[in-house]
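Hello,

Here is the structure we talked about handing over. Please open it first, then read my notes below.

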Amino acid sequence: MTLITILSWAVVTLSSSFMRQAPDYESALENQMLMGALVQTTGETDRYWVKVRAEDYTGWVTNMGVHELSDSEKDAYLEAPKWICTAEYSRIRGKPSANAAAICDFTMGNLVRQTGVTDGDWTQVLLPDGRQGWVPSAHISDFAQWAESRRQCACSITRLACSFVGTPYMWGGNSIKHFDCSGLVKFCYYMHGIILPRNASQQIKCGTPVPDGEWKKGDLLFFGSSKPFRVTHVAIYLGDGRIVHSSLQVRINTLEEYGRTPIGAVRILGNVDKGLGAVSILDDPYYFAQDGKQE
């Protein structure tokens, strides 16, 4: 492995960039990072792999999965107006036409920069690596306006989670294509403007604990072992003893059907930006400039 000095920042260029434990496709998958997400590089490379820190993990991504930024480019990127993909699936094309050649896929939660150019029902976008392309205007929303419009709504969060029923389980999955249990939770809250830690063992430390029998729709229920205490699974509570979770696939179960007793529960809604681990996306320095607070 060759250790060289590389830039300290990068932005994800693929709809979902796979982070692995080691610089090898056979290495365990740790996480998926979404297009437009800002990450930090560590300075380590191996062939076409780059080591990055993101989503509470440090791991390896391919050099085509991220675009490196200098400090000044990172600041400019944070300040730049962006679009967020609100459609489940779309494609960025070379010209404003559904028949034009595709540049890449474009999925819910992905971010691209604005150019200010439209053509009929199409909007021109600037990909993280500087390429230009076109997306259907109906598939995107202004990112800042979208973030400001997010509401802490349990019904909306659970409705989104339930819409993913049948999505395959994949360890490390954190995109609409694949979810693990904590990835489903993180993604559904992210699409409502709330940033949570990546792992269930971290998510249980967010919000406020909820005693048994007092759970409300949108609360997070955790499973594992009580002695020793170890969290291995998380689900979103739907009410009436039902949960939606990613276990083999995204599915809805009653707690009786699932056959496991929660070892804890937390309420995120109403506890965002209170120092408990859940942060508004507007206050996250990896998404919006924070008047000099960004490290």
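Start at Tyr237, which stands opposite Ile243 in strand S21. Strand S20 (residues 229–239) and S21 (residues 242–247) run antiparallel and are joined by three bridges. Strands pair if DSSP finds at least two bridges between them. Helices (H or I, at least four residues) and strands (E, at least two) are DSSP runs, numbered from the N terminus.

This is a predicted model: local features need pLDDT of at least 70, side-chain atom pairs count only at pLDDT 80 or more, and totals for chains, interfaces and linings use all residues. Residues are numbered from 1 along each chain as its sequence is written, and side-chain values use heavy atoms, with hydrogens and water left out.

Now the sheet. Six strands form an open, antiparallel sheet, in the order S18-S23-S19-S20-S21-S22. S18 (208–209) and S22 (249–254) are at the edges with a single partner strand each, so one side of each has no neighbour in the sheet.

Helix H4 lies across S19 (220–226), S20, S21 and S22.

Last, a hairpin. S5 and S6 have two residues between them, and Glu55 in the turn has a positive phi of about 50 degrees. Arg53 stands opposite Thr58 in S6.

Best wishes

How values were computed:
Contact = heavy atoms within 4.5 Å. Axes fitted to C-alpha atoms, helices over the stretch in contact; angles between N-to-C directions.
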